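Thanks for sending this one over. Here are my notes, in numbered points, to read alongside the model.

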Amino acid sequence: MSKKICVVGTGYVGLVAAVGLADFGNLVIGVDIDKSKIEKLKKGISPIYEPGIEEYLKRNLNSGRLTFSTDIDNAIQESEVIFIAVGTPPKENGEADLRYVFDVAETIAKNLNNYKVVVTKSTVPVGTNRKIKDYIKKLSGKNDFDVISNPEFLREGKAVYDFFHPDRVVIGYESEKARKIMEDIYRSLYLIQTPFVWCNLETAEMIKYASNAFLATKITFINQIANLCEAVGADVHEVAKAMGMDGRISPKFLHPGPGYGGSCFPKDTKAIVEIGIKNNIDMSLIKEVINANEKQKERMVEKLEKYMDLKDKKIGILGLAFKAETDDMRESPAIKIINKLLEKGAKITAHDPKAIENARKIFKDKIEYVDNEYKAMNDVDALMIITEWNEYRNIDLEKARKLMKGNIILDTRNVLDIKKVKALGFIYEGVGRK
Ligand code: UGA
């Protein structure tokens, strides 16, 4: 049976969940305090760039199953299930800031007019769902609700696909009544035999952190192996491919690069270290992953410095987003790399198919932005690829050679064909391959 659901927060996680849950046949109200976002969403315009999202948004708006509002009180009263999908940004010390999550919990307590299931989708430290439960109980003086931990495993850029084809759905729960409701909500996934992991609240919270910390570790591992490959003359792609043939290792997330970024890995690795400190448990491995990831970004600048003193040099940058298929600049390796280049006196001309608007908020007028990749090559001493956008894989290298003043290409994502690049007289630097 379809359910009446309210999703609080219309960022990446909330918006995809709202659209996806409506597509499963539920009646969904997406709410946000940001009026301009809600106005856009009502018109079927997505405030974020995410492939496929607008098609699903429009389809579900038209069907009447999906609506948007800024009236959170009313949306909660009208719904049986409330998804909390607000941000948990890192505080100075790396701990997750739970202010917005508890604001929503307070609003739920105020509007608890009948039985409700409160589902936490936001990534929250272990123990938070229990605190949410106690908080709502204390503020409302009622017991007529259940709390569920349902962490999100979506990848930006592939979020819509991931929502409909998850590797697994993790649900931390305490009451059978709430479990039945979650089964109803996700019935469509049940039908296609998606594995469901039913566990307690703390286990669900831990699965999320452990998964992200493991993936961040895997990337950092291959980055260090790539650096070693450079030193000993091995090719990291062949190494990673052969490693991945071992079923115990798996080939995914073994692509070397300029270091991981985004809104999740940097935040969640810091948060799990904080959880370790609070519980007096050694998290030295993940601490070192965080350090090594910062060094990997710096290494990209050092690679250029092997060839030139950066003072007054013109560097063309292709790609600013933290990965392809997103306009998200949060913790993008481009931020540290470009700031370092600027510190050393370089002049930057940058292109990105989607992230320029967000990049402007960070670099302001300290760098030049161009709307075409070839304009980023004009008269530059070196060209650096930071994001693996498909369009950079097929750049016209002959044209690049003519446009560039220098002949150095630093391909931090290993997207170019080395033979072709070298045949044109470029000096090529990648990550872990010669
Ligand atoms: C990540 C997880 O993959 C999702 O499962 C999770 O739901 C999400 O965090 C979250 O916690 O919300 P996302 O940050 O969107 O998703 O992006 P990823 O595709 O995981 O990439 C993260 C970073 O690692 C990017 O900077 C990417 O370029 C880098 N990366 C990824 C590599 O350098 N090498 C790889 O092989 C894979």
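1. A definition to start with: a salt bridge here is a side-chain nitrogen of Lys or Arg within 4 Å of a carboxyl oxygen of Asp or Glu. On that basis, Glu95 forms a salt bridge with Lys278, with 2.6 Å between the closest N and O atoms. The pair links distant parts of the chain, 183 residues apart: Glu95 sits in the loop between strand S4 (81-84) and helix H5 (99-110), and Lys278 in helix H12 (residues 265-278). Helices (H or I, at least four residues) and strands (E, at least two) are DSSP runs, numbered from the N terminus. Lys278 counts as exposed because its relative accessibility is 59%; buried means under 20% relative accessible area, exposed over 50%, and partly exposed in between (1.4 Å probe, protein chains only).

2. Some ground rules before going further. This is a predicted model, in which local features need pLDDT of at least 70 and side-chain atom pairs count only at pLDDT 80 or more, while totals for chains, interfaces and linings use all residues. Residues are numbered from 1 along each chain as its sequence is written, and side-chain values use heavy atoms, with hydrogens and water left out.

3. Back to the charged pairs: the whole structure holds 32 salt bridges. Another of them joins Lys344 to Glu305, the closest N and O atoms being 3.1 Å apart. Here too distant parts of the chain are linked, with Lys344 in the loop between helix H14 (333-343) and strand S10 (347-351) and Glu305 in helix H13 (residues 284-305), 39 residues apart. Lys344 counts as partly exposed at 32% relative accessibility, and Glu305 is partly exposed with a relative accessible area of 32%.

4. Asp381 and Lys405 also form a salt bridge, with the closest N and O atoms 3.9 Å apart. Asp381 lies in the loop between strand S11 (368-370) and strand S12 (382-385), and Lys405 in the loop between helix H17 (397-403) and strand S13 (408-411), 24 residues apart. Asp381 counts as buried, at 13% relative accessibility. Elsewhere, shared partners join Glu230, Arg299, Lys303, Lys306 and Glu429 into one network of salt bridges.

5. Which residues come nearest to the ligand? Of the 19 residues around the ligand, they are Leu154, Glu156, Lys208, Asn212 and Cys264, where near means that a heavy atom of the residue lies within 4 Å. By class, the shell has nine nonpolar, three polar and seven charged residues. In this scheme Ala, Val, Leu, Ile, Met, Phe, Trp, Tyr, Cys and Pro count as nonpolar, Asp, Glu, Lys and Arg as charged, and the others, Gly among them, as polar. Helix H10 (201-232) and H12 each supply at least two residues of the shell, and H10 gives the most, with three.

6. A backbone N or O atom of Phe153 lies 2.9 Å from a ligand oxygen, and a backbone N or O atom of His255 lies 2.8 Å from a ligand nitrogen. A polar side-chain atom of Arg413 lies 2.8 Å from an oxygen atom of the ligand. Taken alone the ligand exposes 710 Å², and the protein buries 91% of that (Shrake-Rupley areas with a 1.4 Å probe; for residues, only the protein chains shown count as cover).

7. Glu152 is found in the loop between strand S6 (145-149) and helix H7 (159-164). With a relative accessible area of 9%, Glu152 is buried. Its side chain makes a polar contact with the side chain of Lys121 at 3.1 Å. A polar contact is a pair of N or O atoms within 3.5 Å; within protein, one must be able to donate a hydrogen and the other to accept it, and residues adjacent in sequence count only if both atoms are side-chain atoms. Leaving aside neighbours within four places in sequence, Glu152 is in contact (heavy atoms within 4.5 Å) with Val13, Lys121 and Lys208.

8. Lastly, Asn407 is placed in the loop between H17 and S13 and is partly exposed, with a relative accessible area of 23%. The side chain of Asn407 reaches the backbone oxygen of Gly425 at 3.1 Å. Beyond four places in sequence, the contacts of Asn407 include Asp381, Arg401 and Phe426.
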